[in-house]
Amino acid sequence: MKITRVETIPVNVPLKSGLTTKTAHGEHVTSPYVIVRVHTDEGVVGLGEATLAPRWSGETSPGCVAAIQGLIAPALLGEDPTAITRRRQKLDGVVKRNPFTKAAVEMALWDLTGKARGASVAELLGGRLRDRLPLKMVVGAFPVPTAVSLAQSFLDQGVRHLKVKVGLDPEADVERVHAVRECAGPGVSLGLDANQGWGLPVAKRMLAALADCDLSFIEQPIAANDLAGLAELRALTHVPMMADESVFTLTDAWRLTHPRAVDILSVYPGKHGGIAATAEIANLASAAGIACSIGSNLELGVGTAAMLHVAAALPAIDSVRYPGDFIGPLYHETGLLKSPLSLGPVEAVVPTGPGLGVEVDAELLEKYRDESGSARPLA
């Protein structure tokens with residue numbers, strides 16, 4: 001089997017009314033992403049998704065399309081798509097960084113390989129350990145009435161795990177978290193994500209101010225490169241400390257796990273440049289005795305399917321203790337799939353079928369196609 005074409009389809013999918021989200025990085029209202037299709041001479045086609053965010057990884061929709069069509073596609077044409085490790089080396093050899101762009105192409109290779117072999121991606125990774133995965137819903141850094149209303153709407157649907165965005169204003173953060181905890185009651189797990197929005201002194205104050213909120217974790221409270229600060233915070237509290245922006249690469253993971261600067265790594269294929277890289281990081285964390293949890297950049301259906309397969313197959317990803325962010329399609333007007341994924345309210349169902357186990361809907365793809373490729377700012 002040989003690769004004959006790498007197709008890029010820029011899309012722009014709005015978030016649902018009332019489900020836009022706000023973080024220390026900004027407000028996420030619409031998603032200018034890229035769907036990738038890798039075609040072969042045997043008619044098998046693999047699907048991938050580039051979940052792009054300029055303020056997250058520096059990548060944009062036009063940049064993704066240019067990198068794939070100008071650099072990646074020419075390097076892959078005529079190659080065997082099922083030799084994924086060799087193809088990963090080609091990707092890294094033609095362009096540095098660009099993790100979400102590379103992940104979309106590598107994801108499509110896994111999907112294609114699974115389809116060719118009649119096996120799911122989870123089976124290619126060693127077999128699924130779980131068929132259903134607990135998930136958590138995210139409450140943006142909104143004023144208290146809005147945050148509480150959103151949290152209550154999730155609770156009314158049966159949600160049992162919440163994450164609250166903080167990091168914009170310390171006083172407002174304290175008020176928001178206390179209000180959501182009061183709304184949720186003691187039976188719902190509650191974590192925080194500051195997206196690097198606190199400095200170290202503020203983060204120390206927040207630990208004290210939120211000590212009565214029974215937090216399940218605190219995600220990326222301070223700057224990504226302040227590993228000493230993360231370790232210092234970890235020593236000050238019993239609340240597990242999670243790294244997200246701090247861990248893009250395998251080297252990042254080693255720098256965090258070697259001194260045990262955090263308790264949890266937030267992992268997912270887009271951020272790491274693909275499914276295989278996510279597995280490498282998860283295995284490193286496991287060797288260090290550190291848990292992993294699936295994070296999110298608010299993926300659409302293809303990207304979320306990839307996350308589900310990874311979480312189902314890798315034992316280092318502990319979705320029971322730290323429910324994953326398998327939620328992107330729930331926040332968007334559509335996930336672009338023919339058959340939507342089963343997500344929540346309590347658990348996400350891992351897709352069955354070969355490859356990623358999903359198909360894009362041609363009509364929806366055309367409806368949300370963004371030929372301008374223009375990338376709008378998002379969190």
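**Cavities, pocket and local geometry of the predicted model**

The second largest cavity is lined by E49, T51, M107, Y268, P269, G270, E299, G303 and M307. Helix 10 and helix 12 (301–313) each give two or more residues to this lining. Helices (H or I, at least four residues) and strands (E, at least two) are DSSP runs, numbered from the N terminus. The second largest cavity holds about 50 Å³ of space. Its lining divides into four nonpolar, three polar and two charged residues. Here Ala, Val, Leu, Ile, Met, Phe, Trp, Tyr, Cys and Pro count as nonpolar, Asp, Glu, Lys and Arg as charged, and the others, Gly among them, as polar.

The model is predicted: local features need pLDDT of at least 70, side-chain atom pairs count only at pLDDT 80 or more, and totals for chains, interfaces and linings use all residues. Residues are numbered from 1 along each chain as its sequence is written, and side-chain values use heavy atoms, with hydrogens and water left out.

Three cavities of 30 Å³ or more are present. On a 1 Å grid over the protein atoms alone, a cavity is a set of points where a 1.4 Å probe fits but cannot get out; a pocket is an open set with protein on both sides within 12 Å along at least five of seven lines; lining residues have an atom within 4 Å of a point. Grid points are joined across faces, edges and corners, and a volume is the space filled by probe spheres set on the points. The largest cavity has about 230 Å³ of space. It is lined by 19 residues, of which T23, K165, S296, N297 and L298 are the closest to its centre. At least two lining residues come from each of strand 2 (21–23) and strand 8 (161–165). The lining of the largest cavity comprises six nonpolar, seven polar and six charged residues.

The largest pocket contains about 510 Å³ of space. Its lining has 19 residues, and D92, F248, T249, H272 and G273 are the closest to the pocket centre. Two or more lining residues come from each of helix 2 (84–94), helix 3, helix 9, helix 10 (269–272) and helix 11 (275–287). Six residues of the pocket lining are nonpolar, six polar and seven charged.

The structure holds three aromatic pairs. One of them joins W56 and F248, with 6.2 Å centre to centre and 40 degrees between the planes, and is tilted. The pair links distant parts of the chain, 192 residues apart. W56 lies in the loop between strand 5 (45–50) and helix 1 (61–76), and F248 in the loop between strand 11 (241–243) and helix 9 (250–257). Rings of Phe, Tyr and Trp (its six-membered ring) pair if their centres lie within 6.5 Å; planes under 30 degrees apart count as stacked, over 60 as edge-to-face and the rest as tilted. Both W56 and F248 are buried. Buried means under 20% relative accessible area, exposed over 50%, partly exposed in between (1.4 Å probe, protein chains only).

G118 follows the helix, with a positive phi near 70 degrees.

Strand 9 (residues 189–193) and strand 10 run parallel and are joined by three bridges. Two strands pair if DSSP finds at least two bridges between them. L190 stands opposite L215 in strand 10. Strand 10 (residues 215–219) is mostly covered, with four of its five residues buried.

Backbone exceptions were also examined. Most residues other than glycine have a negative phi, and most peptide bonds are trans. N98, in the loop between helix 2 and helix 3, has a positive phi near 50 degrees. N98 counts as partly exposed because its relative accessibility is 22%. N195 has a positive phi of about 45 degrees and is found in the loop between strand 9 and helix 7 (200–209). N195 counts as buried because its relative accessibility is 5%. The peptide bond from G344 to P345 is cis, with omega near 10 degrees. P345 is placed in the loop between helix 13 (328–331) and strand 14 (347–349).
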